[in-house]
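Please open the structure in your viewer and keep the selection panel at hand.

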Amino acid sequence: VTYASLGVCDHAWTDAALPRLELLLGASADDPVLPQIVANVAFHVTDKDFFPEPGTIVRDIVAVLRAPMISERLPHVYFIDPAPWLVRMPLDHGPPRLELVAAVPVSEREYLYWKSFGPRELEKIFEQSGTDLFDLARPSIV
């Protein structure tokens, strides 16, 4: 299941060199909280003018939803390249250029690992463990 934002691309970042973008969230099973996560992330990045570059994290963006089963286990969102969707970037060369970024809920332990070792090391752990990032029932991998 994939959910996408609609309208984030209308936000003009303070840094005009940044592309316009839309957010994706994938999950192996549908859940009513998924569109709420996308909406919460979309509101946050536009309201705070926080460009969700792959490798960055927004803390507690899922936690504030207080959604059973996911908010405590995967409270943060990690942004990744949308490669799993097999979409060629940019979607539109513009100007302005239009791209996609994917939001992946992550655990507190994964966040702390990211904070200590950086995004490349976290992604190595994801790859080495064979973690299905779309399985939102998954345990923390670190």
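Which exposed residues does the face of α3 turned away from its buried side carry? Select Arg 120, Glu 127 and Gln 128: these are the exposed residues on that face. Please note that this is a predicted model.

**The buried side of α3**

Now select Leu 122, Ile 125 and Phe 126, which are buried in α3. Look down the axis of the helix: the buried residues of α3 lie within an arc of 100 degrees, so they line one face of the helix. To see what they pack against, display β4 (76–80), β5 (98–106) and α2, the packing partners of these buried residues.

**The contact of α2 with α3**

Next, select helix α2 (residues 108–117) together with helix α3 (residues 119–129). Two packed helices are described by the angle between their axes and by the distance between those axes. Here the angle is about 135 degrees, and the axes are 7 Å apart. Because angles over 145 degrees count as roughly antiparallel and those from 65 to 115 as roughly perpendicular, α2 is oblique to α3. On the α2 side, highlight Glu 110, Tyr 113, Trp 114 and Phe 117; on the α3 side, highlight Pro 119, Glu 121, Leu 122, Ile 125 and Phe 126, which complete the contact. Colouring by residue class shows seven nonpolar and two charged residues in this contact, with no polar ones.

**Strand β5 and its partners**

Proceed to β5, which is mostly covered, as seven of its nine residues are buried. Select Leu 23 to find it opposite Val 101 in β5. Another is β4, whose pairing with β5 is antiparallel and also extends over five bridges. Select Tyr 78, and then Val 104 in β5, its bridge partner.

Finally, select Asp 10, in the loop between β1 (2–4) and β2. Is this residue buried or exposed? Asp 10 is exposed, because its relative accessible area is 62%, and exposed means over 50%.

Methods
Residues are numbered from 1 along each chain as its sequence is written. This is a predicted model: local features need pLDDT of at least 70, side-chain atom pairs count only at pLDDT 80 or more; totals for chains, interfaces and linings use all residues. Side-chain values use heavy atoms; hydrogens and water are left out. Axes are lines fitted to C-alpha atoms, for helices over the stretch in contact, and angles run from 0 to 180 degrees between N-to-C directions. Helices (H or I, at least four residues) and strands (E, at least two) are DSSP runs, numbered from the N terminus. Angles under 35 degrees count as roughly parallel, over 145 as roughly antiparallel, 65 to 115 as roughly perpendicular and the rest as oblique. Contact means heavy atoms within 4.5 Å. Ala, Val, Leu, Ile, Met, Phe, Trp, Tyr, Cys and Pro count as nonpolar, Asp, Glu, Lys and Arg as charged, and the others, Gly among them, as polar. Buried means under 20% relative accessible area, exposed over 50%, partly exposed in between (1.4 Å probe, protein chains only). The arc is that of the directions from the helix axis to the C-beta atoms. Two strands pair if DSSP finds at least two bridges between them.
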